[in-house]
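Colleague: Please take me through the labels you put on this model, one at a time, and tell me what each rests on.

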Amino acid sequence: MSLSRKRKKELRRLQNDANKLWESQQVLVGQAATVAREAGRQLGKINSEQVVPVVQDAYNRRVAPVVDQSVRFGKHVVDDKVVPIVGGVVGSALSAWDVANAKRHGLVAAPAPSKKGPGIGSVVAIILGAAAAVGVLYAAWQALRADDELWVADDPLSAPNA
């Protein structure tokens, strides 16, 4: 296929125009990348100067005290309620083990009267378990409930004053 000189000249001019356009677009994309990098840097600075202190302050004022109170309450329940109950259960189990060993070796003691229904220890354990569950749920509710001061208004973004 042969092209006329005029057509070849027009095609070369069109190709040169396309190359110039491509080069100018590359320059424009480079400038846009520079602006985007600077915007990212500025956003990081604003984040570290404005957002992080507000979030840390809100966490320290709202969440940390509730978590600390929950930890203290949980430790109190475990130390003062659960450990004595578990100790009693383990002691009862070891006593039963000793009785079984004595029976096996022929040293039978008088049988203990059998209980009917749950004893006072079981009732106390159930009540303390329910109280601990309620305490944990209350602490979680306090930590996760909505707070108007923690929400940011949906204002449209405006350019900063230079």
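Modeller: R41 forms a salt bridge with E38, with 2.6 Å between the closest N and O atoms. This is a predicted model, in which local features need pLDDT of at least 70 and side-chain atom pairs count only at pLDDT 80 or more, while totals for chains, interfaces and linings use all residues. Residues are numbered from 1 along each chain as its sequence is written, and side-chain values use heavy atoms, with hydrogens and water left out.

Colleague: Why is the contact of R41 with E38 called a salt bridge?

Modeller: The term needs a side-chain nitrogen of Lys or Arg within 4 Å of a carboxyl oxygen of Asp or Glu. For R41 and E38 the closest N and O atoms are 2.6 Å apart, so the pair meets the definition. Side chains of opposite charge can pair when their charged atoms come close.

Colleague: What separates R41 and E38 along helix α1?

Modeller: R41 and E38 are three residues apart in helix α1, so about one helical turn separates them. Helices here are DSSP runs (H or I, at least four residues), strands are runs of E with at least two, and both are numbered from the N terminus. The chain has two helices and zero strands.

Colleague: Why is R41 called partly exposed?

Modeller: Buried means under 20% relative accessible area and exposed over 50%, with partly exposed in between (1.4 Å probe, protein chains only). R41 has 48%, so R41 is partly exposed. E38, at 34%, is partly exposed as well.

Colleague: How many salt bridges does the rule give?

Modeller: The count comes to three. E10 and R7 meet in one of them, at 2.8 Å from N to O. Both lie in helix α1, three residues apart, about one turn of the helix. E10 has a relative accessible area of 31% and R7 has 45%, so each counts as partly exposed.
R61 forms a salt bridge with D57, the closest N and O atoms being 3.0 Å apart. R61 and D57 are four residues apart in helix α1, so about one helical turn lies between them. R61 is partly exposed at 44%, and D57 is partly exposed at 39%.

Colleague: What makes L144 exposed?

Modeller: L144 has a relative accessible area of 73%, so L144 is exposed. The residue is in helix α2. L144 and R62 are 82 residues apart in sequence and 9.9 Å apart in space, C-alpha to C-alpha. Of the 162 residues in the chain, 6% are buried.

Colleague: Which residues make the nonpolar surface patch?

Modeller: V78, V82, V83, V86, V90 and L94 make a nonpolar patch of about 470 Å². Patch residues have over 30% relative accessible area and no salt bridge; like charges are joined within 9 Å, and nonpolar side chains (Val, Leu, Ile, Met, Phe, Trp, Tyr) within 5 Å. V78, in helix α1, has a relative accessible area of 41% and is partly exposed. Accessible areas come from the Shrake-Rupley method with a 1.4 Å probe, and for residues only the protein chains shown count as cover.

Colleague: What share of the accessible surface belongs to carbon and sulfur atoms?

Modeller: The accessible surface of the chain comes to about 14,400 Å², and 64% of that belongs to carbon and sulfur atoms.
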